[in-house]
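Let's take a walk through this model together, one chain at a time. Have the sequence and the 3D view open as you read.

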Amino acid sequence: MLIAHDNEVNVMKKVNETVNEPDTAESADNALQVKGLVASYGSSIAVDNLDLHIGSSEFVTLLGPSGCGKTTTLRCVAGLHTPSGGEIRLAGKRVYGSGTNVPPNKRDINMVFQSYAVWPHMTTYENVVYGLKAQKMDSSTARAKARTMLDLVGLGDFADRYATDLSGGQQQRVALARALATEPSLVLMDEPLSNLDAQLRARMRDEIRQLQRSTETSVLYVTHDQSEALAMSDRVVVMNQGVIQQIGDPWTLYNRPVNAFVATFVGDANLVTGTVTDVSPHAFTVSVPTLGEGAVLDVVLDVNTTPPARGRQVTVVFRPEWVSVDEKVEPGRNAIAATILSSEFLGSHFERSYRAGEHTLRVQAVTSPSITPAQVGEQQTLRIAPENLTWFEPASGDDDAEHAAADEQVPVSVGRHA
Amino acid sequence: MAIMTLEPEETLPAEPRPPRGGPALGRRIMIGGLIALLTVLVFLPTAYVFIGALSENARDPIATFSLDAIKDSYGNWEIWKVLGETMAMSVLCGVVATAIGGVLAWVIARTDVPFKRLFEVVVIAPLFLSPFIGALAFLELGAPRTGLINQIARELNLPSFISIDVMTFQWLVIILALHYVPYGYLLVSGSLQNMDASLEEASQINGRGTVQTALRVTLPAVKHAMLSSIIFVTISATGMFSVPALLGAKMDFHPLAVTVYRATSGYPANYALAAALGTMLVLLSIVGLWLYQRGMRQASKFVTVTGKSRNRKKIELGSMKYVIVGLLVLYALVTTILPYAALCLRALSTSTNLGDIHLTTDVISDVFAKPELKTALKNTIIVSAATAILTVVIGTFTSYVTERMRFRGSGLVNSIAMAPLAVPGIVFATGVFAMYLGSPLYGTLTIMVIAYIASYLPHATRVTGNGFAQIDVSLEEASRMCGATRTRTMNKVLLPLMKPSVSAALIMVFLFTVREINTAILLYTPDTMLLSILSFNYASQASLPAAAVVGLIETALMIAWIAIAMAILRPGNLYKRG
């Protein structure tokens, strides 16, 4: 059964309008501007020529597998790692580049650490007031400010407790209150939720987002968890091997990935490569013989996108939940004959893999109680609506990733496991 | 109580620690200062041992170059025999002390033996007794004719095997080994406590009993700790001169350290020979450390220990409990209660003939009346306070620079700071002696402090280094992120968190310095008399009651230092992070 996407399509149009603003404004309302950042450890390059900007009150996430350079980027912005090239500006002021390298304590930032880094020899209150005292704020103002922050994170009653007496979630809140108390122009968060259990993580996700909105703080967030990135961010920067793969709002990243890495890292995806056989102003047709003899997919073009030339190779992407399973429809355009290889019942739906031609396709099949579920080995028809399909032309660099996906015939899904 | 381990620095996984930004100048000054400091304190005296071995006058080595000392040491078959016997003695000590310490550690960490806290104190109690004073006490107890035990045995007509003679090789090994048991205990119990309980639980579920599990799973996992204990004790016992000098006085066997001492105390003093013999000890230690490193590499695959520690089920001893408590009481009796009782008896009675004991304070008041006691007490207080404070300051500085400012060569700097471990105290003293001979520092308390600092720098560096390693870097980074300067971060975050390990290092160095003889014996003059030397001299002059009194004063001073350090620093518990 097909999941309706009408409202998402509307959202897409709205989001696209806001996202298409220019990236280059050098105005002071940019909380962070990074240009051509290069960072290395010894001889290995961790971050290669990275450009990034964060608007004021914006929540931007660096997403990528471990070792992709996201934490290094964050530490460069913090001043805890010295880059080997490029420029970093905070609120318009240069903190790194052209001979300047402002020490971390002189940068107008604060940070939430993966380990929380709550000082165990200080009380909750002392932790929060620490940065305010370092700013030489007069003590009564500092005291009031720290109390307000503790109330804001719901730890007002725990002010005199030692940090070691608090639970993980509470320590996390102390770290948040401490980082927000100094009212920095940018708060850095380095995988702050990765040490919490799943339930608490979901709740803290929500709390951090609300705190960020209510305090209008700009945030640069680092995570390897794609659902965290999608749920929290205004914009997500997907990185791999020190290079930015795609920048966009969560909707665009999920529904319109620009390469195989983004497609498979941000959620599960089926990738099939074929040849463009026909092009019209609003759609084009791809022949994918690897999906079975005569398999043909129509793809509807988004507004303002140029279609690929006839005869070009394109990779067509569809998510498991975009596929609907139909036994009555005959295979044809956007309807592929496939055999069930495995089926897992997860309550709300079946997670299935199907064999179609040379590919193994991942499908989320939603069924109702009145329908007898299909068994492994049964043949079914998979339908994918032309307006749901997305595509990209494989760049030379993508070949490896794509071949790997095709060889294994299982969509690569990295980063699902938190 | 924290102690040092010989384990090589733990290599951190994958992610390289990023070099730190910030003012490069301050960084360079700190690193340069540390290297200069270590060169003067550690490297030069060690180098002077070798220079001294090759010249008649170490201050003018080229003009007085001579291979005589080398010929008399390396070229002397007698010396090689002594070396072999020394090794036999110290390796035996290492093995015995580690075996006893390991078994005690296992019993206390794994079984339901009662009075656990009390027995833990009992096991490490010998740390507070200077090995020399301990040997003195054993002499009171087990000297061939006059020993108290032998007197009692004679009096009660007990069979002759009860009678003991501590002035023999085997008793020398036993007495030294008993002194080192706490080291074996602390090293192995640390490793046992860190071991993941599930490793042993898995073995039991797979059908192995208590003994099989202990031998097949626990032992391999703590093998590296036992190895480091054996090597540490062996090296330390090789350099030990006071105990063999006392107990071995009537034996043919004189360990190398005693031979070194004799070379310097004879007339004319042959410092070149002492230095040449010293180089043999240094080279032996280096071989030992090299073997240890090799062993570590092979043992490292067994090191499956993780930070996990949860409540594990204690092994139920059942009726074995009484046997084990009995053995622990015997241990307490032999290592602590009887020696102190013997010392007190000696101090409070003019005679230790059983039929002739009259309690009196005459001996004590006699000793207190002697002017040299006052000098020695004052000097010991000054030297131990100065050494403890300076060593811990320099050790903390060293471990901060090597742990926190990773730079090219930080491993080498760390090894230099650890090097005195491989140089026995008496040998190091010959180097210090050669280096400062003729300088105004010679014959002052300062030179002793300088020598002591180098000797105990490895201990202080290791203990504070472990302290730094336990403090996550992000705790400091968080402070910088909050806008605090490096200095403020140091004062408000790092030092408060370091308090437990700094206190432990301070107390340890206090204890070591108060009872130190091996280094001081070459460097003291009548003006710079110390309590430890005084008791040694009294004992060599056969005035054992006076030696006993001084020994008791020494112990009292150690306890006073611990109490003062605890009261001022309030180390509390290590801050555990959730």
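How far apart do the C-alpha centres of domain 1 of chain A and domain 2 of chain A lie? They lie 39 Å apart. Chain A is split into domain 1, residues 26-255, and domain 2, residues 268-408, with the bounds taken from an automatic or database domain assignment.

A quick word on ground rules. This is a predicted model, in which local features need pLDDT of at least 70 and side-chain atom pairs count only at pLDDT 80 or more, while totals for chains, interfaces and linings use all residues. Residues are numbered from 1 along each chain as its sequence is written, and chains are lettered from A and ligands numbered from 1 in the order in which they are written.

Stay with chain A for a moment and look for an open sheet of five strands, in the order S14-S13-S12-S15-S21, with antiparallel pairing. Its edges are strand S14 (296-300) and strand S21 (390-392) of chain A, each of which pairs on one side only. On average, neighbouring strands in this sheet are turned by 45° against each other, direction ignored. (Axes here are lines fitted to C-alpha atoms, for helices over the stretch in contact, and angles run from 0 to 180 degrees between N-to-C directions.) Helices (H or I, at least four residues) and strands (E, at least two) are DSSP runs, numbered from the N terminus, and two strands pair if DSSP finds at least two bridges between them.

Now for chain B, where domain 1 is made of 29-66 + 361-578 and domain 2 of 70-346. The C-alpha centres of these two domains of chain B are 23 Å apart. Between them, 37 residues of domain 1 of chain B are in contact with 33 residues of domain 2 of chain B, contact meaning that the C-beta atoms, placed from the backbone, lie within 7 Å. On the domain 1 side, H23(B) gives the most, with nine residues.

Finally, see where the chains meet: the contact takes 23 residues from chain B and 30 residues from chain A. On chain B's side, helix H19 (473-481) and helix H20 (486-515) of chain B are the elements giving two or more residues, and H19(B) has the largest share, six residues.

Key. Two residues are in contact if their C-beta atoms, placed from the backbone, lie within 7 Å.
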